[in-house]
Every structure is written in C-alpha cells, then in structure tokens.
Amino acid sequence: MTREELAFEYSELLAEYEQIKAEGLSLDMSRGKPCKEQLDLSDGILTVIKSGDECVNNFGTDMRNYGLPIGVPAARKLFAELCGVEFDNVFLGGNASLELMYDTIARAELFGVAPDTTPWCKCDKVKFLCPAPGYDRHFRICEVFGIEMIPVEMREDGPDMDTIERLVAEDESIKGIWCVPKHSNPTGTIYSDEVVRRFAALKPAAKDFRIFWDNAYMVHDLYDEVPELLNIFSLTQGTENEDLVYMFTSTSKITYAGSGISAFITSDNNMKYALKHIGAQIISYDKLNQFRHAVFFKDADGIRAHMKKHAELLRPRFEAVLDAFEQELAGREMATWTKPTGGYFISLDLCVGSAKRVYELCLDAGMKLTEAGSTFPYGNDPKDANLRIAPSYPPLHELKQAAQVLCLCVRLATMEKLLTQSGFFNSISKISLKLIQDAE
Ligand code: PLP
C-alpha cells in the first residue's frame, strides 16, 4: 500500500472503531473459564450421593469423616487409569492443582525435594526454565518465591529442547521447569514423542531438579483424532530419572472449575517424602467431593465420554474465533495464530510492538483480554507481540462479536504502526501545527 492508501484504510477502520466504542460493549475473552453449559454437564455430581449411608465405601470408610490423607481410593484409581500410572503414585488434593504446585514448591523451598537435599531457600540462587509463551500463574508462583525465571522458546512440537538440555546440564542453580505438555496454555501445543523422550532422559546438573509436568488438558480434545501424548511417567519409572517428574492435573475443566478435584502424581520416593510434610499440613482433603466424582464417572471411559460433550460445546467457539481470524487477518501479514486441537486457548502473535496497543484498543472498546505480556515471565514479552485468546466462556453470539472487535483492533494497531513508521503522523501533526499557526 502507498502511504495514502494506508491513511485511507486507517481512517475507515478508525471510524468503524469509534462506532463500536459508542455501542458500550461488555465482552470478555480474558480467562479460560468453562461456560455455563459446560458446568451444567456435571450437575449429576450434585445428586449422585443421596444419603449419609451412601458415603461409606466398601472398606467401611466414611467419606464425611477424617482419614485417607492420600485421597479416596476409587478416585485415585480413576486418575491412575486416566494418566496411565500406578495407583500408589496418585495423591489427591483439594479443588485446585495450582495449590498442589504452589505447595510442592513451598515444600522444596522449606525442606528440599528429598531427605538429603538442601532446601531451595538456602541456595544462593534458584532458577526455573519457563517455556514461553506459557501460563501466567506458573510464573506468578516463581515470582512470589523469588525464583529467577529463564524463558525458553516454545516451538510447534514443544519447547526448545537443545537449549533446555544445555542449560540444565551446565547450571546447578536451575531446579525446575514448567511444562504444559498437552494443549499447552496458550499455544495449544502437544509435545512430540521426541520432546517427551528428551525430557525423560534429561541429565540435570542439580540432583534436586524436577520437571513440573502440568497435564491440565490431558483429556481436553476438541476433535476425535488428536495425537496422544507420550507418558513421561512410565518412561522415567525404573530409570535413574525415576524421581524427576512431578505431574499435576485436575478436573477443573472436566467438572467444576471452582469445585473439582486435583491430583499430584509422582514416584514412590517423592510421594513418601511429600506425604510426610502434607501429613503435618492437613488431616484429609475434601473426600466427599473426591468420592462423588468417582461415583459420577465410574471409570476413565466415563470421563472420556463426558469430555466429548465438552468438545461439542467448545469446538464451535474455537472455530468462530479461528474463522474470524481467517477472514479478517489472513493474507495481511499482520498476525499468525495457533489452531489448537484442544485445551482452552488460542495464541495470537502480532507484529512486533503491537500486543499492548491491541490490548488497550480492545479494552477501550469494551472488551477484556488477558493482559499483553502475561504469557511471558515477569509479564515481559520481549517482542510485545503475543496475546492469549480464551474462547470458552462467552456465549457464541458474543464471541463472534468479540472476535470481530479483536480483528478490527489488530488491523487498526497495525495501520497505526505502519503510518507511524512511515512518518505519516509526524507530517499530520506538522500540517496541523501549520494550520494552527496560520489561523493565529
Ligand atoms: N494449569 C494450567 C495449564 C491451566 O491453564 C490452569 C487453568 O487455567 C490451571 C493449571 C489451573 O488448574 P486448577 O484449577 O486445577 O488449579
């Protein structure tokens, strides 16, 4: 485009934008929350147990009472089956896997990761590798514990393994890495078999290095044919890396995001050590909720069938946003985006230096997005280019509108940038100045 063509298109987009602003919209694509219809799918949980007598399991344990700090056996069995791990390696927590991750780091800071290791708080420096773009709440945990974060580039098949292997082998202060191996937040990446194998075979300099394998989206496929994730836990068991992996998951995006159940899966050694400390912290988590989840689903196939119903609700939402991107942004060299086969997010990459501006334009037009920068450690996206789009929550008609507003803001911000680079705004202000001077 010539500068004049750019300026013409810019003025048209600006007029459209002002019109939308005047509508006083209230749209939200900021957080990955299930929509109401998704929550409704699990309402059987509310009535699956009808009396106190039904709260007693086959071994005579009453779920309403203290006991079973490691979790309800039927629910542990469910997760063991779903994750392809041994029953003994499954611990069940409360309603949030994030709490289990936070607590695992807190224990490592206070007591070390095993009996013969130094508490991280006594180490001069503790660093974590952070594949980015990644999950902001992982980064926040590191921040509150003063753990230094090193971003690692996310690629199509997972994080850059050459860099990870090199860094963990040469730096003993690197104690951990965050991974969301299936339908990563926000890119939707599924780690390839090679990436998972390389993780399982890592040779870290720090013997207290751990992989934080957050499998939050393990059964959250949008389509029938989605590649399987290799089981890192089986790959490491019985090897010298047996204690390398802390795996986390939950039913937050399966049943209720505020009232699901969470799981921590790890080796026999790690489990024994964690239980020693957890045993001092709590007598038992909410067993009644764990129990009714197990009764509601019966087995792993019950969960898989349930997730197909979620996919029916989520697929049109993802496709509405992707269709809008295709229609409004494709071929304009303004943006690229991921096309996830599951999970909760789409990752949108804009021209360098545009993400904050698009975020602001959207906000001014009445639409909330996850803040620009938040997909990177310290909220610092070095290219200021990435935005995380969450299509799950708004009703479809609102989502379609939101996607249009977003595309408009992307186009507007890109035009603004091009016109600024071409010196157009400077000449405009010079002309305005001249006009004012002339008038005076
Ligand atoms: N892990 C990832 C990757 C997530 O995207 C989320 C929520 O968006 C969570 C964990 C939070 O899980 P929970 O509700 O079990 O704490």
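Let's start at Ser267, which sits in the loop between β9 (262-266) and α9 (268-281). Keep in mind as you look around that this is a predicted model. Is Ser267 buried or exposed? Its relative accessibility is 0%, and because buried means under 20% relative accessible area, Ser267 counts as buried.

What does Ser267 touch, once residues up to four places away in sequence are set aside? The list is Asn89, Phe233, Gln237, Glu242 and Asp243. With Asp243 there is a polar contact between the two side chains, at 2.6 Å. The side chain of Ser267 also reaches the backbone nitrogen of Asn270, at 3.2 Å. For a sense of scale, pick out Met63: Ser267 and Met63 are 204 residues apart along the chain, and their C-alpha atoms are separated by 26 Å.

Next, have a look at Asn241, in the loop between α8 (232-236) and β8 (245-250). Asn241 is buried too, with a relative accessible area of 10%. Leaving aside neighbours within four places in sequence, Asn241 is in contact with Ala200, Ala201, Leu202 and Thr236. For Leu202 there is a polar detail to find: its backbone oxygen lies 3.0 Å from a polar atom of the Asn241 side chain.

Now step back to the sheet. Strands of a sheet pair through backbone hydrogen bonds, either parallel or antiparallel. Here, 8 strands form an open sheet with mixed pairing, and you can trace them in the order β2-β9-β8-β7-β6-β3-β4-β5. The edge strands are β2 (90-92) and β5 (158-159), each of which pairs on one side only. Inside that order, β3 (residues 127-132) and β6 (residues 174-179) run parallel and are joined by 3 bridges. To find your place there, look for Phe128, which stands opposite Gly176 in β6.

Finally, turn to the ligand. Which residues surround it? They are Ala96, Ser97, Leu98, Tyr135, Val180, Asn185, Asp214, Ala216, Tyr217, Ser250, Ser252 and Lys253. By class, this shell has 6 nonpolar, 4 polar and 2 charged residues. A polar side-chain atom of Ser97 lies 2.7 Å from an oxygen atom of the ligand, and one of Lys253 lies 3.0 Å from a ligand oxygen atom. Asp214 instead places a polar side-chain atom 2.5 Å from a nitrogen atom of the ligand. Taken alone, the ligand exposes 400 Å², and the protein buries 90% of that.

Methods: Residues numbered from 1 in each chain as written. Predicted model: local features only at pLDDT ≥ 70, side-chain atom pairs only at ≥ 80, totals over all residues. Heavy atoms only, no water. Helix = DSSP H or I, 4+ residues; strand = E, 2+ residues; numbered from the N terminus. Buried < 20%, exposed > 50% of the residue type's maximum accessible area, 1.4 Å probe, protein only. Polar contact = N/O pair within 3.5 Å; in protein donor to acceptor, adjacent residues only side chain to side chain. Contact = heavy atoms within 4.5 Å. Near = heavy atom within 4 Å. Areas by Shrake-Rupley, 256 points an atom, 1.4 Å probe, with all protein chains shown as cover. Nonpolar A, V, L, I, M, F, W, Y, C, P; charged D, E, K, R; others polar. Pairing = 2+ DSSP bridges.
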